[in-house]
Structures are given as C-alpha cells and as structure tokens.
Amino acid sequence: MVKVTVCIGSSCHLKGSRQVVEELQYIVKRKNLGEDVELSGAFCMGKCAEKGVSVTVNGKYYAVDPAAVEEFFDDVIVKAING
Amino acid sequence: MELYLESGYTSLNKAGEELCGDRVKVADDGEYTTLVLADGLGSGVKANILSTLTSTILCTMVSGGVSIEECVDTIIQTLPVCKERGVAYATFTVIHVNREGKGYMFEFDNPEAIYITNGKCRDFERVPHKYEGKTVYITELDLKPNDYIVTMSDGVIHAGIGMILNFGWLRKDVIEYLDKSVKPYMSAGAVACLLASACNDLYLDKPGDDTTVAAVRIREAVHVNIMVGPPVDKTKDDFYIARFLEGDSKKIVCGGTSSTIVARYLGTQVKADFDFPDKDVPPIGHIDGIDLTTEGVLTLRKLVELSEKYLSHSDLTPKSFVGKRDGASMLAEMLFEEATHVKFFVGQSINAAHQGLPIDITMKLKLVDTISDHLRRAGKQVEVYYD
C-alpha cells in the first residue's frame, strides 16, 4: 500500500490542490488501484514557498504541478507501487 | 443557566417600491431588549415616514421606561395627518423583555403575535385596554428558554391574496407552517427569514404589500473561542493555547499552522478531510477535543460573504446553515447561529511564504476585523485578543 498525502492548506489550495486531489482520485479509480494507493489530505506541510502543490508519497516530499498530475502518477506513484 | 436574548427580522418591500413602509427598531440596554415593528399606512415614502416616526418614538420611550399609556398618547399626537385619507395611522407591536424572559408586549392593529413554546405555536393571553378610543392589547410576558415571539405586518397574512390564494394566507396557515418548519436550533433571525421567505413565494416574488417578520427568542448562552493563526512568540505557544482552551466554551481552530500546534499541545494529530463540498473552500480538518478545525484565510473570506447575506434584512437565503458541510458554512453556523459570546485569539505570526499572496497577514487581520464587526451587528458579545 502506497500512502499519498496531498496538502490542502491555504497556499496549496491557491496553487490548485483541489485539482490535484480530484485528478488523483480519478486516476486511482480509472486504473483500479484503490487497493494499492491510499489517498489522504493534510493541513499545511510548511513548504508553502515551493513551486507546486505539496504531496508526499510514503513520506517522501514532492512539489506537484497541477497540470502534470498524470505524469507524476506514472513517474512516482506507479513506481512506488511496483517497487 | 446563563440566558441570552436574541432578535432578528426580515423585510420585503412591496414590488416596485424603493422604500419599505414597515419598520423595525431594536434597542438593547444590556438588560432589557425593546423591539418595535411599525407598519405605516399605505406604501412608499409616506408609509416609510409614518413607520419610522412611530417605531423610533416607541422604541426610545419604552426602553426609557415610560408607561404604555403615555407612549400611545405621544404617538397619536405626533403623527402627521394624511391629506388624502384624513387620518394619522401606523400599526405597531412593541416587545419589551429582559434576559429572564420577563416583560410585556403591546399590540395595536398588527396581526396578533404568535408565541412558540415547546416547538408549538400558541396564542398569547392578550388583555384589551382603551387609550384615546383606540384598543391596545397588552400581554404580560414570562418566556422560557427556547420560546419565540413572532410578530408580523399584515403583508404576511395577505400573502398570495388574489394571486395563488383567494383570501391570502390566514393566521392558522401561518401557524401550521411554523409548527412544521421551525427547528429548535434556529435563531430568531432564522425563523423571521424563513417565514418572510415563504410569504415571498406566495407572492410569486412580487410582494403585493410591504411584508415584515420580526422574532425574539430567549436562549441559553453559548460561548465560542476561535483561534486564528499562530502567535508571534513561538516560545509561548503553549501559554497561548492553554489560554485559548480554558473554560467550557466551544473551540474552533482556523489555519494550518494553528491546527498543527494545537494538535501537538493536545498530544494528537490533525486529520484533514479530503472532499470539497464547496469548490472555493478548502476541506476541513479534525482534532480530537476541538469542535471545528478549518483552513484559515480562504475559509474566513468565504465566511465574510456568507455573513453579509446573513446580516441583510432583505436577503432571503436561509439563515440556518445546518446540513452544509463546507468549512465556511460550518463556521457561520457555529458563530452566527449557535454562539452568543465569541472570543477571538488572533496570532500575528507571519508566514513568509504567504506574503504577496492574497492570503497574507494583512488580509487575515482585515477579515477578523470584518467578521467581529458582523458578529456584533448580529447581537453577539465579541472580544478580540491579539497575540
């Protein structure tokens, strides 16, 4: 099980965290990975200055561009599932 | 039990009129609340002047402790006489009651006020008195917690007349509607808005007469503490949080960093929700021991929008937010509907990454200012501490 946490604090909300959340939920459903990925939210991760929405995958930090969620999913999350 | 008195009203203008011929005045001296609903003869400017005079005179005199007879006498002698109709005329209801629910009400030609007790509508025991040939009905009041008085102008019982109803909406229909629709958690303002909104529907959105509903309720006091933002001095976090958590008031935490430090103090963690009941408002969070946890500035900004509508006496958006699940509506329900006393604990620590964005510290302080002002206008006792 890969644990993915998306920041939904003020700053990330302005940068598009809702879009990231909804897209991740959609991709997980489409790829039928509900058993392998656990999505959750977190208040401010203290990385407001990063360019992009704060996301952690199994505790490791990433700044995600809301326009490139699919790529992020394939690059990072799918790898974490297989690794 | 600490008791509190709240009042609220909603007015609809006759379709096409800029001014309302009904007028509500409220005075509160900390012990007694005086509420006057006056309905001036006719509509438009003339009615507005009559009802403004009547309500202002009565409210000032009654709250100043002048006898009913003298008040009525003054009104009769003061009102200008209408040239067309040859009479000076405004109908009125005056409620004068203290926080223990004791006081009196007197009514002249307005529809009979409705007494809601144990969730059911009743009639008051009214005693007629003659003053200068006019009959004024006087009621001794002895209200229990969660009792409402609902008073209205005749636009309410005439709603729908000749449009979708032959004879308008009779008093028994109004009572049936209130019995069915009033929920025990609703504030006086929420009940007034509910009834006015039903009238507006019967008028098909074009009221044939000025329509006003005013309500008063005795209720238990509810204290709410709300923390917005972390304090400047990080080394004193624990001191400030302990002060915020003191007492048996309800607790609200707004903001990511604030929630994190409060959770740490309580030896637990913030769990964030993951759905967006309203797309403009970030999801809420949960901390064991805290009644409501929300994001900060964006949620507060939405709360300002909601509270502007809440305060409006002509907006018919329901005043009760029960059932809504976004952070701003939940805040509005707790602060504007549930609370009687609100204490703000505002931390002025600056999040460097927020500066320059529309969520910086100036914005936050401005929002707290506006919201506390709105709460005062809604009749709440508000205190604000800056740390």
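**Entry 1: the sheet in chain B**

I looked up the strand order in chain B and found an open sheet of five strands, β1-β11-β10-β6-β7, with antiparallel pairing. I note that the model is a predicted one. At the edges I found β1 (3-12) and β7 (120-122) of chain B, each of which pairs on one side only.

**Entry 2: one strand pair**

I then examined strand β10 (residues 148-152) and strand β11 (residues 211-220) of chain B, which are joined in the antiparallel sense by five bridges. Within this pair I located B:T151 opposite B:A214 in β11(B).

**Entry 3: helices on the sheet**

Which strands does helix α4 of chain B touch? I found that α4 (residues 171-181) packs on the sheet against β6 (114-117), β7 and β10 of chain B. The direction of α4 makes about 150° with that of β7(B). Helix α5 (residues 188-202) of chain B, by my notes, lies across β1, β10 and β11 of chain B and runs at about 20° to β1(B).

**Entry 4: the two domains**

I consulted the domain assignment of chain B, which gives domain 1 (3-220) and domain 2 (223-386). I recorded 35 Å between the C-alpha centres of domain 1 and domain 2 of chain B. To their contact, domain 1 of chain B contributes 17 residues and domain 2 of chain B ten residues. On the side of domain 1 that touches domain 2, I found that β1 and α5 of chain B each supply at least two residues. Sorted by class, that side of domain 1 of chain B holds nine nonpolar, seven polar and one charged residues.

Notes:
Residues numbered from 1 in each chain as written. Chains lettered and ligands numbered in written order. Predicted model: local features only at pLDDT ≥ 70, side-chain atom pairs only at ≥ 80, totals over all residues. Pairing = 2+ DSSP bridges. Helix = DSSP H or I, 4+ residues; strand = E, 2+ residues; numbered from the N terminus. Contact = placed C-beta atoms within 7 Å. Axes fitted to C-alpha atoms, helices over the stretch in contact; angles between N-to-C directions. Domains from an automatic or database assignment. Nonpolar A, V, L, I, M, F, W, Y, C, P; charged D, E, K, R; others polar.
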